[in-house]
Structures are given as C-alpha cells and as structure tokens.
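Please read these notes with the model open beside you.

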Amino acid sequence: MAIDLTKLAAFAKEQGFIYPGSELYEGIGGIYDYGPLGVELKRRIAELWWRAMVQLHENIVGLDAAILMHPRVWEASGHVEAFHDPLVDNKVSKKRYRVDTLIEDYAQRLEERARKEVEKKARKAGLPPEAIEEQLQAHKDYVRAQTLRQKLAAALSARDWAALTTLLQEEKIPCPESGATEWTPVRQFNLMFSTQLGAIADEALEIYLRPETAQGIFVDFPLVLKTARQKIPFGIAQIGKAFRNEIVARQFIFRMREFEQMEMQFFVRPGTEDEWYAYWKEKRMRWHQHLGLRPENLRFKDHEHLAHYARAATDIEFAFPFGFKELEGIHSRTNYDLSRHAQYSGKKLEYYDEALGESYIPYVIETSVGLDRLVLAHLAQGYTEEMAPTAEGGQELRTVLKIHPILAPIPVAIFPLVRKDEFIEKARKLYEELRFYFMVAYEEKDSIGRRYRRYDAKGTPFCLTIDGQTLEEETVTVRDRDTLEQIRLPMSQVRFYLGEKLSVPEWLRGL
Ligand code: ATP
C-alpha cells in the first residue's frame, strides 16, 4: 500500500534524509535541506545517472554551466515571455491554486468516482471487464472529466486566461479545501526568480536564477563541439540546481522552489530524431527499473498537446503516494532551441556534417529528470512496515527502507554483539579496514535486535556482527536487510563479498 506523504516526510526528517528548509525560523515554503542520509542517497542516484549517461556513452560528455546566465538567454528560450503558470485564489478559503492542477485533480476525482460506481454495479450484475469499460465511457462524471480536460488543454495552449476563468465559473469547480466555487479571475505568474547583477542599483542588470539546466547546454553547444571533438549524434549531460517560484509548492519534495535536475541534450541529424527519441525512451525507462523502481510503478504518458516546436514528448511517470505523476520528461524538440539562440545571439550554430557534405542546425532529443523526485520515488517505494521475528522468538513490527543496496546511504553497519573489549576491538578493526571502501557505521549501544531495527530504517542492506565465534575462528555474520538471512564469512573475505554486492561497475554491466 502506498505510504501517506505526511508520514513519509516525518520519517525522512526523523531519519535525517530530508529536513524542512530553515526550520529554525519556522521554515520556508517549498525549500528543503538534505540531511546526512539524504545527501548520500541523492549523491548516489546522481552518480549512477552520470556513470550510465556519460561514462557508458562514448558520444556523451559532461558539463557544469553556471546557474546565472545572461538575461538574453531567457528571452531566446521563451522563458521571459511564456514561462508562466495560471494562478487563481479561492474567495472563501483564500487558498491559491495553479488552475491546471486544480482542474486536472478535479477531473481525476470525477473519473475515479465514476469508475468506482460502475465497478460496484458491474460486480453485483456479474458483468465482464469489456462491459465495465463501455459503461464507464458513458458515465456522466467520466464524460465531464474528459470534457474538462479538453477545455483546459485548449485554453492552456492558447494561453487564454479569460477562458480559464470562465471554465472555473461555468463548471463550478470546487476548492478542495472549502468546497466553495467562488474564484478570483485567473492571473499569470512568471515562475523565474530574478535578482540583480551589479552593485549600483540603477545600473544593475536584472538577471534570473535558471529555471532549468538545459539552456546552459544549448549556449555552450558550440564550445563543446569545438573542444570535445564529437561528431553528431552526440550528447551533453549536466546535473545542477534549478529554481522555480512555484505557485503552490506542495507534496513534499515533489514540487520544490529550489531543486536539482539531471538533463541530457542529444544532438542529432534532422530526420533521425524519431529513432533517437525511441532509443532514449527505452534507455531511460530501463535505467529507472535497473535501479529498483518496480515496472508496475512506472509508465509512459505521452503528451497530448505538444508545444509548437515539439515533435513528440512523453513523461515517465511514477506511482507517487498521490498517484502517477511526472518523474522524467523525454522530449523531441526539433532545432527550436539552437535556432532561437542563433537568432538572439547573431551567431551561427550550425554543424557541418562531413558524411552528408552539408550544414544544418541539429535536432535535439532531451531527457530531463528531477533528482529530488527520484529521491522521493525511492523513499516512497522503499518504505515498508512489516512483521519480523524477534531474537526471543516473537514477532514485532519493523520499519525498513527497501532501496537498492547500491543506493543505501550507509551500506554497511558493524556491531560487536556485546560491549566487551575483545568484541569491540575486532569490530573496530573491521571498521577501520572497510571504511576505505564503503560508508560504514559502527554501533555498540543497545541490544543487537534494536541495532538491526535502527539500520533497517536507514536502508542499510548489510549488518555485520562480531560474536563469540568470531573470536574463535575469525568469521563474522552478515545479515541481509530484506531476507533477514544470516551467513557467516571469514573476516578476510567480507570486503570482497560486499564489494561485489555494492559494485557500481557490476551494476552498470547489467544495465
Ligand atoms: P511539472 O509538470 O510537474 O511541473 P514540468 O513538466 O514543468 O513538471 P520539466 O520542465 O519538464 O517539468 O522539468 C523536468 C524535470 O524536472 C521534471 O520531470 C521533474 O522531475 C523536475 N522538476 C520540475 N519542476 C520541479 C519542481 N518544482 N520540483 C522538483 N522537481 C521538479
């Protein structure tokens, strides 16, 4: 069963994964800090993305562009003119919403209600599944949900805020908080944070914190082309912070105002974009699954309404605790971005294709995934409460974070069974050796059962215990977090055993 988000946030805070930003001063909306375990998890995910994208592809190189860019960049990219969200306030609850999510969530509720009703009736009447689908499509709430979605999409793509105001009024969309249907007119709101560059106020240049990392890649495209000796098709990958002044930053680290993206722009010959789009869709889905996100928790959702420059776009959605939502976007973006930068900068951004003997502006396939959303996905899927046997032969509830071992913030914990010098000495010796290879924790406090529980919740896949037998024959027990099985290994072999289980090269080989 999916874990409730409030509970997950409390767990993440308690364990030191994620804290509310500036909590000492009552927090700041949509901003979060990563604690000691969270920073490890996030870095590991980023590392595995980097290795899979850059190290494993001869034709992908990395980049780390600055967060602050020339303001013309955001004119060229279209962000100054069009990076707006429509917002609206409910007059009764005074709550502010993004109109698109407000209407989409309402349509979703209507659809779910219709489905439940139809399924209940069908069960009673013993109808086959095809009949359920047919009845659902004819249900008034289902039809209304589809109509709402169509009207919403039409208004959004025409950027017609007045039509959205009318839609809210005519369809009597209720506020999820108060149920009231009185709304202010829809207004547009630019999501970019701005600041000033320069010390003298009137001469200062208004600049923006980047709302995506991709533009750094486009702007540096000619330099990378020159210096990296790449030929098309090739890609540029980047991990970095992005900032968006989101209207409503809810849902924990799903929608943040400061977040981290991992983006890759793949430059291709015009006419080959469809095959590369298919290639990257498949590759990226495989990466998520290989890292342990279960296939039933992932799906593609193609965009129905494409941006005018886009040829195709899909989201890899994950089953978050609040439903399937975007984790990663894969976009076939034609040569829009490079053409715009060529136009705004007055520079040529063409590529000379030797094989073809002609120049062109390359087409682009983009893969763009939110690092924080990935952290959330792994925490949400991994969080498990289950009954487990106690040392005394009883059963107790344990909380365990079942994430891929290679992602575990502390993959190895070492415990002396009892707090006696000879046990401690051996355990410390093992700790001193292993810490050169892995993040290792050492703990001697509390009963062994309690120590196991503590590290279960941190997601530690391997707990090593130094017991009486260790002293006699130089062996240790290795307990598996998920199966609870214990094996006994010679001390001298532990490093190799763990090395194999936690090996990044082995993981990459299986990708
Ligand atoms: P959404 O529709 O959820 O707002 P988006 O379509 O605006 O997302 P993109 O602009 O495609 O998102 O950004 C690429 C990726 O960056 C997203 O798939 C998501 O993982 C991540 N991302 C975007 N906005 C945020 C945010 N406010 N907080 C955390 N991650 C984000």
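1. Basis. This is a predicted model: local features need pLDDT of at least 70, side-chain atom pairs count only at pLDDT 80 or more, and totals for chains, interfaces and linings use all residues. Residues are numbered from 1 along each chain as its sequence is written.

2. Domains. The chain is assigned domain 1 (5–83 + 191–378), domain 2 (84–188) and domain 3 (410–509); the bounds come from an automatic or database domain assignment. The C-alpha centres of domain 1 and domain 2 are 29 Å apart. Seven residues from domain 1 and eight residues from domain 2 make the contact (C-beta atoms, placed from the backbone, within 7 Å). On the domain 1 side, the residues touching domain 2 are five nonpolar, one polar and one charged. Here Ala, Val, Leu, Ile, Met, Phe, Trp, Tyr, Cys and Pro count as nonpolar, Asp, Glu, Lys and Arg as charged, and the others, Gly among them, as polar.

3. Ligand shell. The ligand is surrounded by 16 residues, of which Met256, Phe259, Gly329, Ser368 and Gly370 are the closest (near means a C-beta atom, placed from the backbone, within 6 Å). Eight of the shell residues are charged, four polar and four nonpolar. At least two residues each come from strand 10 (258–268), strand 13 (323–332), strand 16 (363–370) and helix 12 (371–382). Strand 13 gives the largest share, four residues. Helices (H or I, at least four residues) and strands (E, at least two) are DSSP runs, numbered from the N terminus.

4. Helix 2 on helix 12. The axes of helix 2 (residues 36–55) and helix 12 come within 10 Å and cross at roughly 110°. Axes are lines fitted to C-alpha atoms, for helices over the stretch in contact, and angles run from 0 to 180 degrees between N-to-C directions. Helix 2 is therefore roughly perpendicular to helix 12 (65 to 115 degrees; under 35 is roughly parallel, over 145 roughly antiparallel, the rest oblique). Gly38, Leu41, Lys42, Ile45 and Ala46 of helix 2 meet Leu371, Leu374 and Val375 of helix 12. This contact has six nonpolar residues, one polar and one charged.

5. Helix 7 on helix 8. The axes of helix 7 (residues 140–157) and helix 8 (residues 161–170) come within 8 Å, crossing at roughly 160°. Helix 7 is therefore roughly antiparallel to helix 8. Lys151, Leu152 and Ala155 of helix 7 touch Ala163, Leu164 and Leu167 of helix 8. Five of these contact residues are nonpolar, none polar and one charged.

Technical notes: Two residues are in contact if their C-beta atoms, placed from the backbone, lie within 7 Å.
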